Structure formats: C-alpha cells, structure tokens
Amino acid sequence: MPEAASPASSPSLSPSSSSSASTMVPPSLLLSRGVIRLEVMLKLTTAILALAAGVYTYLGVRDLLNGSATTVFFAALIYSVAVSVGIYAFWVFLMQFMPHVVDRAGRALMFGCMLLGSLMIVAMSSWLNASALAGAAAIRQHLAITVQDYTRDLDAANTNAIAAQGLLPDIQIAASRFAKLAEAERTGSLTGTAGSGTVVQLLTQMSSQLDSLAKEVEASGKRVSTLFEEGGKHLAKMRELVSDRGPIGERSDGFATESLALMGVIANLQQTSVAPAVKRAATSLSSSFIAPAASGRSIDLADRQTAVVGKVEGAVAAQAASLAAAADAILDRPKIEPARFQAMSPAEAVLRYAGDFIPSWAGAISIDLMPAVLVLILCVVHAAIRREGLPASHASAMTAAELMAALKMAREVEQASRTMGEPATQGAPDQPAPAAEPAAAADENVTALSSARHVK
C-alpha cells in the first residue's frame with residue numbers, strides 16, 4: 001500500500017499568512033459597512049440640528065408677533081415646529097437620494113435643489129436664529145449709536161448757542177469806550193468845554209444800550225449752561241440704560257422717553273441763542289441813530305458839538321457793522337435737527353447691523369446648513385464604493401443572520417430540485433438507474449476491511 005503522506009509534506013498555510021488573508025478586507029466593503037452603521041447616527045444628528053434650529057427660530061419669531069401671550073406662544077410654536085420638520089425632511093431626502101444619482105444632469109438638478117432649499121432655510125430660519133443669538137446685542141448697539149448721535153447734536157446745539165457769548169467782550173469793550181468818552185467830555189476833552197451837554201448825553205445813551213445788550217448776552221449764557229447740564233443728565237441716563245442688564249424691551253422704552261426729553265433740550269438751546277438779538281440790536285444802533293441838535297450857547301461850541309456828534313455816529317455805525325457781521329456768522333451755521341429715535345425689534349436690529357455680528361450670523365446659518373456637509377460626505381463615499389465595486393461576501397464576512405438566510409435558501413433550492421426530479425424518475429420505471437453500474441464496478445474493486453485483515 002502506498003505510504004500516507006506526512007503532515008510536513010502536505011501543503012498548508014502558515015498562521016501569519018492565513019491571518020493576513022482574513023484581515024484583507026476591501027475598502028469598498030468597509031465603506032459600505034460604515035454607511036450602514038452610521039445611518040441612524042446621521043438621522044439623529046439631523047434631527048438634533050433641526051430641533052436646535054426650531055428652538056432658536058421660536059425665540060426669534062416670538063419678538064415679531066403681536067397679540068395676547070397665548071396667541072403669540074402658539075403661533076411661534078407652530079412656526080418653529082414647521083421649520084424643524086421642514087429642515088429635517090429636506091436633509092433626510094437629500095441624504096437618501098442624492099448619493100445614488102450618478103448622471104450629470106440628475107446630479108446638477110440635485111445640487112440645484114440643495115442650493116434652493118438652503119436659501120429657503122436661511123430665509124425662514126437662519127435670520128431668526130441670528131435674532132435669537134444676537135438680537136439683544138444688536139439693539140444695545142443701536143442704542144449706543146443713537147447716544148453718540150444725540151451727544152454730537154447736543155454739543156453742536158450748545159456750541160451754536162454759546163457762540164454769541166464770544167460777542168460779549170466786544171460789546172462790553174464798546175460800552176466801556178463810550179462811557180469813558182462821556183466821562184472825558186464832562187471835563188471838556190472832546191469839545192474843549194467842560195459840562196454835560198449834547199455829546200455827553202449821546203455817549204451815555206450809546207453806552208447804556210450796549211450795556212443792556214451785554215447783560216442780555218450774559219443772561220443767555222446762563223440759560224444755555226443750565227440747558228446743557230440738563231441735556232447731559234438725559235445722556236447719562238441713556239448711557240446707563242445702554243449698559244444695563246435688564247430686559248432689552250424695557251430699556252428701549254426708557255431710552256425712547258429720555259430721547260424725547262433730550263430733543264426738547266436741543267430745541268430750547270437753539271431758541272436760546274442770543275445771536276438774533278445781537279443782530280437786531282446792531283441794526284437798530286446804526287439805523288435808528290438820530291443826531292441831537294447842538295445845545296451850545298455859542299456858535300463855536302455848537303459847531304464843535306456837531307463835529308463830535310458826527311464822529312460818534314461814525315463810531316456807532318462801525319461798531320454796529322462789526323456786531324452784525326459776527327451775528328450773521330453765527331446765524332449762518334446749519335441748524336441742528338436731531339434724528340428721532342426709532343425703536344427696533346431684535347430681528348430688525350440684527351439685519352441693520354449684520355456686518356457687526358458676522359460670528360452670530362455664521363453660527364445661525366451653520367445650525368441650519370451643517371447637514372449639507374454630511375450629504376456631500378455621503379456622495380463622496382458612495383462614489384468611492386461604486387468606483388471600486390462591492391465584493392461578494394464570504395463566510396468570514398457573513399453575520400449570523402446572513403448565514404442562516406443562506407442556509408435556508410440552500411435548503412429551499414435543494415428541496416425544489418428534488419421536487420422537480422421525482423416526476424421524471426416515476427415516469428420511466430423500467431429503465432435502470434444510471435448510477436448502478438458505476439456503483440457495482442466500484443464494489444468489485446473494494447475489499448472489506450475484515451477480509452483484508454484475514455488475508456494479511
């Protein structure tokens with residue numbers, strides 16, 4: 001009998017080679033398994049993101065609705081639920097269908113649908129999310145900018161109001177000069193004759209008019225200072241409301257009240273300006289000047305008085321022209337018209353100051369459009385699976401459920417083949433079985449084990 005082959009001479013695989021062969025799993029199979037394992041995770045992530053978008057949408061839309069508290073609550077809740085369901089359904093549809101559309105036209109249409117849906121999501125949800133995230137900060141910035149504008153307007157109105165105070169030294173100097181000339185004329189310095197005649201009376205009258213104008217300008221300065229202090233108090237209260245941490249709606253209402261009071265102060269400052277009064281006084285000095293008749297007892301004295309009165313008239317005209325020009329320069333300044341404060345909702349403030357809240361906008365949009373990245377990842381993975389091809393499953397890669405299903409299918413196939421073979425056998429009973437002769441031939445060449453032992 002031929003000797004049995006030794007175990008060493010029989011071909012066999014080494015443990016390292018068998019283990020390496022079992023661990024060589026195709027990448028496409030790994031990708032396919034990963035997609036299956038992460039399917040629930042993808043839907044859960046999309047649901048959480050849609051829920052977050054709905055919550056922030058509720059917070060944002062609540063400030064835009066009017067009515068009773070119950071109406072606002074249910075209206076905002078229904079809108080936010082509709083947004084959440086719409087966002088979830090949209091991204092789940094794309095995750096389910098977009099990775100399997102392989103032709104260029106279909107893929108382009110799917111990308112167009114994704115772009116259109118993203119724009120609609122931004123329009124119905126993202127800006128409300130941004131309002132919820134940065135609405136209070138946007139309103140606070142609006143209040144701060146308005147305070148700066150009112151501060152500028154108050155300073156400009158105060159500057160215009162106190163500009164006439166710069167005329168006060170000139171008026172006082174002119175009044176003092178006429179008063180000194182009157183004192184000098186009493187000793188005869190101007191006409192050469194001492195006394196209190198026509199020239200003294202005229203110079204005293206001009207000095208008195210200028211003194212009255214100077215007192216009016218000085219009193220106006222005190223009123224301007226009082227109004228400016230009052231405006232400063234309103235600004236301080238407005239700044240306090242800006243930096244406060246209370247509800248932004250109540251702070252905005254208080255800010256509006258203070259802004260109205262401040263606008264009244266600015267208007268009073270513009271009406272308190274004494275520049276128009278200086279202009280009228282200067283005009284009356286030159287236009288209503290009436291030279292008095294000389295009262296000298298002699299012709300020579302009368303001539304000298306007339307000459308001095310003419311010089312006084314020239315000096316009064318020059319002084320009046322100087323004051324009128326200075327008053328005109330003040331009156332030519334642009335009138336301050338403070339802008340009326342306009343209260344805003346958080347959504348309106350976020351839209352107006354969008355450039356200052358780019359991080360908040362980015363976060364609000366990312367909550368809604370984050371699933372787009374997951375959709376693109378699925379497209380790339382499915383493209384790689386199609387490119388490499390999914391290999392047939394082998395025993396080591398089959399799960400218990402797959403193995404049981406395969407065994408069941410094999411039994412069903414075997415039973416079906418036996419069922420199909422039985423009618424053919426019953427239809428030809430006289431024919432010998434084709435496997436009989438080979439079996440007999442095989443029996444002739446086989447020696448029973450007991451006989452072989454006996455012969456041996």
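A: Asn160 is buried, with a relative accessible area of 18%; buried means under 20% relative accessible area, exposed over 50% and partly exposed in between, using a 1.4 Å probe and protein chains only. Asn160 lies in helix H5; helices (H or I, at least four residues) and strands (E, at least two) are DSSP runs numbered from the N terminus.

Q: Which residues is Asn160 in contact with, leaving aside its neighbours within four places in sequence?
A: Those residues are Ser273, Ile330, Arg333, Pro334 and Ile336. Contact means heavy atoms within 4.5 Å.

Q: Before going further, what kind of model is this?
A: This is a predicted model, in which local features need pLDDT of at least 70 and side-chain atom pairs count only at pLDDT 80 or more, while totals for chains, interfaces and linings use all residues. Residues are numbered from 1 along each chain as its sequence is written, and side-chain values use heavy atoms, with hydrogens and water left out.

Q: How many helices and strands are in the chain?
A: The chain has 15 helices and 0 strands.

Q: And what share of the residues is buried?
A: Of the 456 residues in the chain, 33% are buried. Among contacts with a separation of 6 or more, 82% are between residues 24 or more positions apart.

Q: What about the accessible surface of the chain?
A: The accessible surface comes to about 27700 Å², and 63% of it belongs to carbon and sulfur atoms. Accessible areas come from the Shrake-Rupley method with a 1.4 Å probe, and for residues only the protein chains shown count as cover.

Q: Which residues make the nonpolar surface patch?
A: Phe73, Phe74, Leu77, Ile78, Val81 and Val85 make a nonpolar patch of about 550 Å². Patches are made of residues with over 30% relative accessible area and no salt bridge; like charges are joined within 9 Å, and nonpolar side chains (Val, Leu, Ile, Met, Phe, Trp, Tyr) within 5 Å. Val85 is placed in helix H4, residues 69-97, and counts as exposed because its relative accessibility is 53%.

Q: Changing topic: how many salt bridges does the structure hold?
A: The structure holds 3 salt bridges, each defined as a side-chain nitrogen of Lys or Arg within 4 Å of a carboxyl oxygen of Asp or Glu. Side chains of opposite charge can pair when their charged atoms come close.

Q: How far apart are the closest N and O atoms of Glu414 and Arg418?
A: They are 2.7 Å apart in that salt bridge. Glu414 and Arg418 are separated by about one helical turn, because they are 4 residues apart in helix H13 (residues 400-426). Glu414 is partly exposed at 40%, whereas Arg418 counts as exposed at 55% relative accessibility.

Q: Are Asp149 and Asp153 buried, partly exposed or exposed?
A: Asp149 counts as partly exposed at 29% relative accessibility, while Asp153 counts as buried at 10%.

Q: How many aromatic pairs are there?
A: The structure holds 5 aromatic pairs. Rings of Phe, Tyr and Trp (its six-membered ring) pair if their centres lie within 6.5 Å; planes under 30 degrees apart count as stacked, over 60 as edge-to-face and the rest as tilted. The ring centres of Phe93 and Phe97 are 6.0 Å apart and their planes are at 75°, so this pair is edge-to-face. Phe93 is exposed at 51%, and Phe97 is partly exposed at 46%.

Q: Which residues does the UniProt annotation "transmembrane region" cover?
A: According to the unreviewed UniProt entry, that annotation covers residues 40-59, 71-94 and 106-128. UniProt positions are given in the numbering used here, feature names are shortened, and annotations may be inferred rather than shown by experiment.

Q: How far apart are the end C-alpha atoms of residues 40-59?
A: They lie 29 Å apart, and the span is 100% helix and 0% strand. Residues 106-128 are also 100% helix and 0% strand, with end C-alpha atoms 33 Å apart.
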